[in-house]
Amino acid sequence: EKLKKRNRELSILNTIADALNREVDLTRALDAALAKIAELFTVETGWVWLQREETGATYVAAALNLPPGLANDPERMEGGYCYCLDKYALGEMENARNVSIITCTRLQGLHEGADGLRYHASVPLYHHNKRVGVLNVVSRDWRELSEDDLRLLNTVGDMLSIAIERAQLFARSIQVGAVEERNRLAREIHDTLAQGLTAITLQLETA
């Protein structure tokens with residue numbers, strides 16, 4: 001039984017790692033990870049909050065199969081008061097935890113719009129003690145995820161945090177490369193113009 005459980009955990013981690021390693025674009029990496037997490041943990045939907053590096057403000061970076069009450073009301077997925085994000089911001093969410101619909105401000109009061117969703121697990125995302133964001137996965141069952149699954153989600157969260165950092169670094173490297181290329185072209189244009197103007201000046205002086 002222990003061997004089966006360990007094989008399942010390793011299989012899940014390997015599948016998610018493979019999905020993350022296939023993508024360097026942040027949005028595609030998060031979408032691929034959410035799809036695999038939903039499939040492997042048997043949950044219906046999920047979303048990823050990320051923190052903006054400049055301001056620390058949170059935003060929804062990716063979402064999967066949002067229920068009508070959230071998909072049709074984008075304001076519910078914006079900032080403002082949120083139990084999970086508040087606990088995370090206060091440093092009171094160190095590990096994955098179960099959160100009921102009663103506590104979740106995103107699902108509370110949706111009724112029909114919740115599409116039967118009842119419980120979600122919140123997974124804090126950190127990279128080298130730096131806050132990255134929060135992963136939420138949501139289930140229709142009145143069941144909490146087991147301690148083993150929460151522990152496994154913590155590991156998945158660590159992998160996701162590394163993938164996010166890698167994607168952000170990749171995006172920055174492209175941006176820096178583009179800036180350097182623009183500067184190089186600007187120098188070439190400047191040099192070409194300078195040479196052309198010098199030649200014209202000499203010709204005028206000769207004339």
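## Basis of the description

Helices are DSSP runs of H or I with at least four residues, strands are DSSP runs of E with at least two, and both are numbered from the N terminus. The model is predicted, so local features are reported at pLDDT of at least 70 and side-chain atom pairs only at pLDDT 80 or more, whereas totals for chains, interfaces and linings use all residues. Residues are numbered from 1 along each chain as its sequence is written, and side-chain values use heavy atoms, with hydrogens and water left out.

## Overall organisation

The secondary structure of the protein consists of five helices and five strands. Along the sequence these elements follow the pattern α-α-β-β-α-α-β-β-β-α. The protein has 207 residues, of which 38% count as buried; buried means under 20% relative accessible area, exposed over 50%, and partly exposed in between, with a 1.4 Å probe and protein chains only.

The buried residues of α2 are Leu26, Ala29, Leu30, Ala33, Leu34, Ile37, Ala38 and Phe41. These residues cover an arc of only 160 degrees around the axis, and therefore lie on the same side of α2; the arc is that of the directions from the helix axis to the C-beta atoms.

The N-terminal end of α2 is capped by Asp25, which has a side-chain oxygen 3.3 Å from the backbone nitrogen of Thr27. A polar contact is a pair of N or O atoms within 3.5 Å; within protein, one must be able to donate a hydrogen and the other to accept it, and residues adjacent in sequence count only if both atoms are side-chain atoms. Just after α2, Thr42 takes a positive phi of about 55 degrees. Thr42 belongs to the loop between α2 and β1 and is exposed, with a relative accessible area of 54%. Its C-alpha atom is separated by 9.7 Å from that of Val137, 95 residues apart along the chain.

Two strands are taken to pair if DSSP finds at least two bridges between them. Strand β5 (residues 130-139) is joined to strand β1 (residues 45-51) by six bridges, and the two run antiparallel; Trp47 has Asn136 as its bridge partner in β5.

Strand β3 (residues 97-100) pairs with β4 in the antiparallel sense over four bridges. Asn98 has Ala121 as its bridge partner in β4, and Ala121 in turn stands opposite Val137 in β5. Eight of the nine residues of β4 are buried, so that this strand is mostly covered. Strand β5 is largely enclosed by the rest of the structure, because eight of its 10 residues are buried.

## Turns and positive phi values

Most residues other than glycine have a negative phi. A hairpin is formed by β4 and β5 with two residues between them, and His128 in the turn has a positive phi of about 55 degrees. Asn129 lies in the loop between β4 and β5; its phi is near 65 degrees, a positive value in a residue other than glycine. Asn129 is exposed, with a relative accessible area of 79%.

Asn65 is found in the loop between β2 (58-64) and α3 (68-71). The phi of Asn65 is positive, near 50 degrees, and Asn65 is exposed, with a relative accessible area of 55%.

## Aromatic and charged contacts

A search of the whole structure finds one aromatic pair. Tyr88 and Tyr126 form this tilted pair, 5.3 Å centre to centre with 45 degrees between the planes. The pair links distant parts of the chain, with Tyr88 in helix α4 (residues 83-89) and Tyr126 in strand β4 (residues 119-127), 38 residues apart. Rings of Phe, Tyr and Trp (its six-membered ring) pair if their centres lie within 6.5 Å; planes under 30 degrees apart count as stacked, over 60 as edge-to-face and the rest as tilted. Tyr88 is buried, with a relative accessible area of 2%, whereas Tyr126 is partly exposed at 23%.

The charged end of Arg131 sits over the ring of Tyr88, 6.0 Å from its centre. The charged end of Arg52 sits over the ring of Tyr59, 4.1 Å from its centre. A charge sits over a ring if NZ of Lys or CZ of Arg is within 6 Å of the ring centre and within 35 degrees of the ring normal.
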